[in-house]
Structure formats: C-alpha cells, structure tokens
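Here's a quick briefing to get you started.

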Amino acid sequence: MAVILSEVSRTLNEYLLVPNLTTEDCTPDVVDLSAPIVRHPVAETSPLRIAVPLVSAIMQAVSSPRLAIALAQTGGLSFAHQNQPIGEQAAMVGAVKRHKAGFRHSDINTKPTATLGEVSRLLKAAERDIAVVTDDGTPTGVFVGLISTSDFHPQRHDLNDTVESRMRPASTLVTAPPTISLPDANTLIWDRRLDLLPIVTDDGRLASIVLRRDYELHKQFRNESIDADKRFRVGAGINTRDYRDRIPALIEAGADVLCIDSSDGFSVWQRNTLRYAVEELGGIIPVGAGNVVDGRAFRYLADAGAAFVKVGIGGGSICITRDQKGIGRGQASALIDVVAERDRYAEETGVYVPICCDGGLLADYHMAIALALGADFIMLGRYFARFDESPSNLVNLDGQLFKEYWGEGSQRARNVARYDQGETELPFEEGVDGYVPYAGSLYANVARTTAKLRATMVSCGATTLPDFHRDAVLVQVSQQSYARTAPRSGCAPAPAAAANSPCPSRCSRRRSSSRR
C-alpha cells in the first residue's frame, strides 16, 4: 500500500519567528548576509559565495542581461533561462560576462547614418538618455561619437536628419585606453565632468564604457558578485536533453555556475546530467539540481555530485503542478525535511551541499522564515519580474502599472525540456500567465528587502546566516493568530508595503497569481 506521511504539509506562511536576545553588538550594520552557492568541505569556505542570498529564477519572464548585471551589482546572482537555442543563451551569458565591475559592454549603440527618429525611439525603449555612435552600430565598432537627449529635441529638429548631424564627434570627446584602471577612469569622469567615458583601443574601436551612475551604484553596493577578473558573475539553466551540447557552450561563454531546470529533480535523468558534468567534464563548472521536496531526493542528487539542491514543487505563484498532477509539498515542510538530510549528509561525508529555497515566498518576511529554517539562499521569480530590469512588458490596466509574468510550464513558455511529459509539445499546462504589480527599480527593492532581513536577524540575535540557522526559534501560527496579523478593516497597506503583494485576480489571464 502507499506510504502516507503522518505530518501536515505546511507553508512558510504558517510560521513566525520568536525573538532572541539582541545584544549591543548585534546591529543591522554588522549583519553578514553572505551565503555559499556551491558545495564545499565542512571546515572550508565555498569557492562561490554571494553577498546577498537572492538569485533570480530560471524563467523567460525574469532572465535578461540587464537584470543579471543589476542583481550582480547588488550582490546576488541571476540565471539565464535555458528555454532558447544554445547560441542565444550563450550570448546572454556572454553579454553579462563582458562587463567588468565599472567597465560596461556598450548596449545602446547606433550608426552615424541612422536618423534622429531612430535613435530617439532607441533611447526611449531602453529608458536611457545617451547612445554610443560607432561606424557600424555595434558595441565593438570604430568609435565615432556620442549622442544624447540633450543633443537634439524631437520637436525642434528634423527627425529624418542623421545622427551624424547632431552627435558630438569623437575628436571633441574625452576617451581612455583599455589599460586605464577603474579608479583612474572614475577620477577622469569627475575631473572632466563626464556622464560617460568611452574606452577606446589603439585602432579606434570601442572596448567598453564607464558610466558616472555606475560609480554611484558601486559606492552604494560595495559587495558586487564578481569573478577573479572583476567580471560580473552569472549562472545559467540547463536541461536533461541537450546538456552535452549546452554545457560546453555555456562554459565557453563564461558561465560561473549552472542549474538543471526541472519541476521534479528526483530522476535518473538529472543523475546522468550531473555525472556528465562531474565525471566526463571533470567538474570544471558546478551544476546545481532540483527541484525536490524530501531528504531522499536531496541525498540522491548530492551523491550524484549536485553543487546545490533546489527545494520546492508546486509552490510558485504561477505554478499549477499541484492542481494538475497532485504532486508537491508545503514549502516549510519540504525545507525542514531537506535541511535535516543536508545536515546529516554533511556530518557523514564532510561535504556541505547548499540548499536553495525556490517557491512559496509570498512576502519578504517569508524569505526570513525560509532562511531561518535552514535555506542557504533563495530563488525568486515573481519578485524580480516586477522590476524595471526584467524583460517582460510593462502594461497599464485600469490606471495601474503591471508587468507581464508567466510560468515555464505555461503554453506561452512551451518549455518542454523542463516539463518532460513524454511529448514534443506540452499536452497540459503546469503553469499559467498573468500580471504582477510593477515595483520600479531592482536596486531600491533589493535594498529594502535586505534591510528587512538584517532587521529580522537582529531581532533573533543573529549576525550571520549560519547563526540564524542554528539559533532561530519558530512557532506555528494558528488560523486565528494569522487572521490577527492581517491589516484591520479600514487600514489599507501603504504602496511600498503592497509592492510585493500578489496580483489582483481581475488582472490574471488564467487565474489569480495570489495562490501560493
């Protein structure tokens, strides 16, 4: 007969943290949120760590080079989605890796023969105010000038005129060679009052650009996720079908870490993929695996060589795996089981395999609950889909701004490689599409979220995530207790607090994204 677990499947929403003693040396400014991303010996430091325990989901509605760069700047990590041709995914990874901390790959470029109307539309679409002009309009062409919104006005100048007629030519601009250091480049920017400094090779080609606003961001976010060459770190998703072709291409593109993108990771297909990466490729790039909801599956993937293991099935805001297949587990229950097995595995083998909480996170405080339960870092989809930097469209519905958001199991995504249902197309959906409330800049929102996490940890007497794992005290919440934590009648939440709230049901295309 079937095995029936005696426990109740519980969500993150069913727990609250009980404060511990806060000492005088336990303050938000000393809280260390850094987390290991890949496996390591218990007594040693992980070779890949991030300063902020947030990573973006492997989703089309979330992945973009722009978001990956912004998240790396704030100390997190993004994963380029795998539901695209190998070459396009490798190009996405390469676009991020071409950026050094402070030295950007130019992504807004135009030709001198383009019209002012064309460059005006380009700047408006990219929400930028300056474009680099190269002879062929590419980011590595011969540098010929700059054009910004201060160089022409759509109502004053003929939009059929060429960019060349209004641009500032290279001969009049300050440039620097690729050998310049970042401190010297920033000094030049401030001394010459520049918004953009082109880095130009000896033969006149554009190598990169340095922006004044990046200096300000660097001062605000001092813990960027960068590699030994000061390039931004970026991850990528893979599947269990074309991994023999996809993994080498992503390694060549410079990916720092990979993750098998699957709704159910407890499979021989994931074991085979991990063995290829570990044994045939010699483990030259770490590969995470998942998703799982119990200790058995964790150990299976850890034994196969998983660099980290993702936890969560059916808990995502646009995931309907539980509705369609009756498979899943409350995210809190899943974490409790997997964390216990991770700790047993570390004690038995001397190897610590980090856990990623993926799904079931409706509010910022759920992140704190997940970390307290033992998660090392958190993967977020809807959270990042709300921001300017996500690739989805911004839409106006009844006077309110929303971003489009869809699941990888939806017909819109058609991600057959992730949801292997024995067909070349998806015979049924395991995800839906809808909208999430627009929340503005990633930078401001991540800063707010991490401030909440630090404040929570201080209330729990912890200054590091390992301390939080060890010392956190949690209590289950009764239905009546939960009801009393909701806003009282007549007390609407402030817009900032509501920014991470689910989308209203009237805005969902298929069903409300509030169901989590």
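F266 sits in the loop that runs between β14 (257-260) and α7 (268-280). Keep in mind that you're looking at a predicted model.

- Setting aside residues up to four places away in sequence, F266 touches N291, R296, A297 and Y300.
- F266 and D294 are 28 residues apart in sequence, and their C-alpha atoms are 9.5 Å apart in space.

**D358, in a strand**
- You'll find D358 in strand β18, which covers residues 355-358.
- D358 is buried: its relative accessible area is 16%, so it comes in under the 20% cut-off.
- The D358 side chain makes a polar contact with the side chain of K310, at 3.0 Å.
- Beyond its neighbours within four places in sequence, D358 is in contact with N291, K310, V311, G312, Q331 and M379.

**The chain as a whole**
- The chain has 516 residues, and 53% of them count as buried.
- Take the contacts with a separation of 6 or more: 66% of them are between residues 24 or more positions apart.
- The chain's accessible surface is about 22800 Å², and carbon and sulfur atoms account for 50% of it.

Technical notes. Residues numbered from 1 in each chain as written. Predicted model: local features only at pLDDT ≥ 70, side-chain atom pairs only at ≥ 80, totals over all residues. Heavy atoms only, no water. Helix = DSSP H or I, 4+ residues; strand = E, 2+ residues; numbered from the N terminus. Buried < 20%, exposed > 50% of the residue type's maximum accessible area, 1.4 Å probe, protein only. Polar contact = N/O pair within 3.5 Å; in protein donor to acceptor, adjacent residues only side chain to side chain. Contact = heavy atoms within 4.5 Å. Areas by Shrake-Rupley, 256 points an atom, 1.4 Å probe, with all protein chains shown as cover.
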